[in-house]
Amino acid sequence: MPTEKRVAYVTGGSRGIGEAIVHALAADGCHVVAVARNKEKLDALAKAVGEKGGSIEVATLDIADSAALTASIEQTIEKHGRLDILVNNAGITRDGLFMRMDDKDFDDVMNTNLRSAFVACRAAARIMIRAKWGRIINISSVSGLIGNAGQVNYAASKAGVIGMTKSIARELAGKQVTANCVAPGFITTDMTDVLPQMVKDKVLELIPLRRFGNVNDIAAAVAFLASEKSSYITGQVLAVDGGMTM
Ligand code: NAI
């Protein structure tokens, strides 16, 4: 018997934006499968969601390993008989000026941020098509929309995510499976905490709403795109960026 709740698979759920997405989807009544690299953080997340009455399972996984990612999604589908929502959130940066960037830093970012999203979408789509319902939400970035000095690899991967998502949206629309991107602006997380204060001050000047985003700003947008309420929205990029890219 398929699980009754909607099943949501979230990559990089152990911290930051992914953690907030997991909480939001669990609060909306989904059974959430959260995968990431850090077992301790995942276990803490499972405990926190469970304490709030949410339904969750967690697993450690390197999403850059295509075979392991495919197997993990297939196991989820086999176990629950369904996979309704896929959120490709996990991502990395390997910043540096492009003239000095080596192939490894380029490939690592492309494989983690773009190829993994492709692999996960491919593995999840079959059951969504069969169910004639599905929500694919890929986390892009404002860097993928407007570029960013020092992030040629990251911006390419995030722009790639947008092109890929629109193409998937076109291929799956006839089956009522939607695919959209959320493009966060500057969100306060471990990924951005490492940036020098000078950079943060400069970025703030570019944000019309005059504040950095928080993880719940992103989670709310993802929860909306994962819900029934977004059924007429596909192939879109929702920038959640305080107006930075308007
Ligand atoms: P974070 O660095 O705090 O968390 C990233 C998550 O991805 C972690 O759970 C980590 O375990 C997981 N992850 C990374 N590589 C993985 C791998 N190979 N296998 C499995 N899990 C892996 O990052 P943050 O800030 O929460 O970002 C989440 C997403 O939002 C990323 O795709 C990032 O590019 C995007 N984003 C973040 C922005 C920000 O300002 N924080 C701005 C724009 C986009």
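This is a predicted model: local features need pLDDT of at least 70, side-chain atom pairs count only at pLDDT 80 or more; totals for chains, interfaces and linings use all residues.
Reader: Happy to start with the ligand. Which residues are the closest to the ligand, and how many surround it?

Author: Good place to begin. A shell is read by listing the residues around a molecule. Here 28 residues surround the ligand, and the closest are Arg 15, Asn 89, Tyr 154, Ile 187 and Thr 189. By class, that shell holds 12 nonpolar, 11 polar and 5 charged residues.

Reader: Which polar side-chain atom lies 2.6 Å from an oxygen atom of the ligand?

Author: That atom belongs to Thr 189. Backbone atoms can take part as well: a polar backbone atom of Ile 17 is 2.8 Å from an oxygen atom of the ligand. For a ligand nitrogen, look at Arg 37, where an N or O atom of the side chain is 3.4 Å away.

Reader: How much of the ligand's accessible area does the protein cover?

Author: On its own the ligand has 820 Å² of accessible area, and the protein covers 96% of that. As for the elements, α1 (16-27), α6 and α7 (190-193) each give two or more residues to the shell. The largest share, 3 residues, comes from α7.

Reader: Let's move to empty space. What does rolling a probe over the atoms show?

Author: A probe the size of a water molecule, rolled over the atoms, shows where empty space is left. A cavity is a space where the probe fits but cannot get out, whereas a pocket is open. In this model the count comes to 1 cavity of 30 Å³ or more, and the largest cavity contains about 30 Å³ of space.

Reader: Which residues line the largest cavity?

Author: The lining consists of Asn 88, Asn 89, Ala 90, Asn 113, Ala 117, Asn 138, Ile 139, Lys 158 and Val 161. By class, these are 4 nonpolar, 4 polar and 1 charged. At least two lining residues come from each of α4, β5 (134-139) and α6.

Reader: Last one: how many salt bridges does the whole structure have?

Author: A search finds 8. One of them pairs Asp 43 with Lys 39, whose closest N and O atoms are 2.6 Å apart.

Reader: Why are Asp 43 and Lys 39 separated by about one helical turn?

Author: Because they sit 4 residues apart in helix α2 (residues 39-51).

Key: Residues are numbered from 1 along each chain as its sequence is written. Side-chain values use heavy atoms; hydrogens and water are left out. A residue is near a molecule or strand if one of its heavy atoms lies within 4 Å of it. A polar contact is a pair of N or O atoms within 3.5 Å; within protein, one must be able to donate a hydrogen and the other to accept it, and residues adjacent in sequence count only if both atoms are side-chain atoms. Accessible areas come from the Shrake-Rupley method with a 1.4 Å probe; for residues, only the protein chains shown count as cover. Ala, Val, Leu, Ile, Met, Phe, Trp, Tyr, Cys and Pro count as nonpolar, Asp, Glu, Lys and Arg as charged, and the others, Gly among them, as polar. A salt bridge is a side-chain nitrogen of Lys or Arg within 4 Å of a carboxyl oxygen of Asp or Glu. On a 1 Å grid over the protein atoms alone, a cavity is a set of points where a 1.4 Å probe fits but cannot get out, and a pocket is an open set with protein on both sides within 12 Å along at least five of seven lines; lining residues have an atom within 4 Å of a point. Grid points are joined across faces, edges and corners, and a volume is the space filled by probe spheres set on the points.
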